[in-house]
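Good morning, everyone, and thank you for coming. Please take a moment to look at the sequence and the structure, and then I will walk you through the fold step by step.

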Amino acid sequence: MTIMMRVAAKVVALAAVVVAATAGCSQGPGPGATPPGGTASRATSTSPPGTPSGGTVPEGQRALVERFVGAVNAGDEAGVRDTFAPEARFDSVGRIYQGRAEIMDRFLVPEVIRAGGRYTLLALTPGREGRVVAEYDYDTGGGGREHFTYDCEVRADRFADCVGRYV
């Protein structure tokens with residue numbers, strides 16, 4: 001990713017944070033909330049202060065996120081593919097991927113799995129209207145690091161619509 005693309009992505013991410021804040025959305029806990037060992041099984045399951053009641057992430061959503069992280073980190077393309085519904089949509093910092101095949105072929109396989117990237121789940125919180133928000137640190141596999149969230153709708157135990165933003 002070029003420097004200009006990174007700057008543009010950060011501007012988009014900042015705008016998304018501003019919009020979310022003014023809309024009353026709660027942001028997940030920051031880097032200080034990293035669980036010991038940074039593993040998915042120890043991620044936060046309750047919402048940060050100020051989040052509406054009902055702050056526990058349903059077990060099915062938690063299991064799906066953990067399955068996704070495990071498959072990505074193992075380089076298991078079929079396992080990652082299985083976490084997305086065939087008709088899924090993914091907005092990765094303004095780049096829109098329609099359908100599971102496009103999400104895999106144009107985004108996750110080349111930019112994450114084949115790059116040798118590694119996710120560390122920092123926090124897992126309920127999102128709006130039944131969505132789940134996962135906060136990650138990402139080791140790019142090439143010496144870089146990124147910090148972002150995936151805010152995903154889950155239908156039939158698969159990701160159906162995800163919005164990825166830098167934090």
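**Following the chain through its sheet**

Read along the sequence, the chain follows the pattern α-α-α-β-β-α-β-β-β-β, where helices (H or I, at least four residues) and strands (E, at least two) are DSSP runs, numbered from the N terminus. In total that comes to four helices and six strands.

Residues are numbered from 1 along each chain as its sequence is written, and side-chain values use heavy atoms, with hydrogens and water left out.

How confident is the predictor? The pLDDT, which is the predictor's confidence in each residue, from 0 to 100, averages 77 over the chain, and 68% of the residues score at least 70. Over residues 1-54, however, the pLDDT is below 50, although this stretch has 65 contacts in the model beyond near neighbours in sequence, a contact meaning heavy atoms within 4.5 Å. Where pLDDT is low, the predicted coordinates should not be read in detail.

Now to the sheet. In which order do the six strands lie? They form an open sheet with the order E2-E1-E6-E5-E4-E3 and mixed pairing, and two strands are said to pair if DSSP finds at least two bridges between them. Strand E2 (95-98) and E3 stand at the edges with a single partner strand each, so one side of each is left without a neighbour in the sheet. Neighbouring strands of this sheet are turned by 20° against each other on average, direction ignored; axes here are lines fitted to C-alpha atoms, for helices over the stretch in contact, and angles run from 0 to 180 degrees between N-to-C directions.

Strand E3 (residues 118-126) pairs with E4 in the antiparallel sense over eight bridges, and Arg 118 has Asp 139 in E4 as its bridge partner. These two strands form a hairpin with five residues between them, and Glu 129 in the turn has a positive phi of about 50°. Six of the eight residues of strand E4 (residues 132-139) are buried, so E4 is largely enclosed by the rest of the structure; buried means under 20% relative accessible area, exposed over 50%, and partly exposed in between (1.4 Å probe, protein chains only).

On to the next pair: E4 and strand E5 (residues 145-155) are antiparallel over eight bridges, with Phe 148 in E5 as the bridge partner of Tyr 136. Their hairpin also has five residues between the strands, and there Gly 141 takes a positive phi near 90°. Eight bridges then join E5 to strand E6 (residues 158-166), and these two run antiparallel.

What joins Cys 152 to Cys 162? It is a disulfide, with an S to S distance of 2.2 Å, and a disulfide is defined here as a pair of cysteine sulfur atoms within 2.5 Å. Cys 152 lies in strand E5 and Cys 162 in strand E6, so the pair ties together parts that are 10 residues apart in sequence. Cys 152 is buried, with a relative accessible area of 3%, and Cys 162 is buried as well, at 1%.

Technical notes
Predicted model: local features only at pLDDT ≥ 70, side-chain atom pairs only at ≥ 80, totals over all residues.
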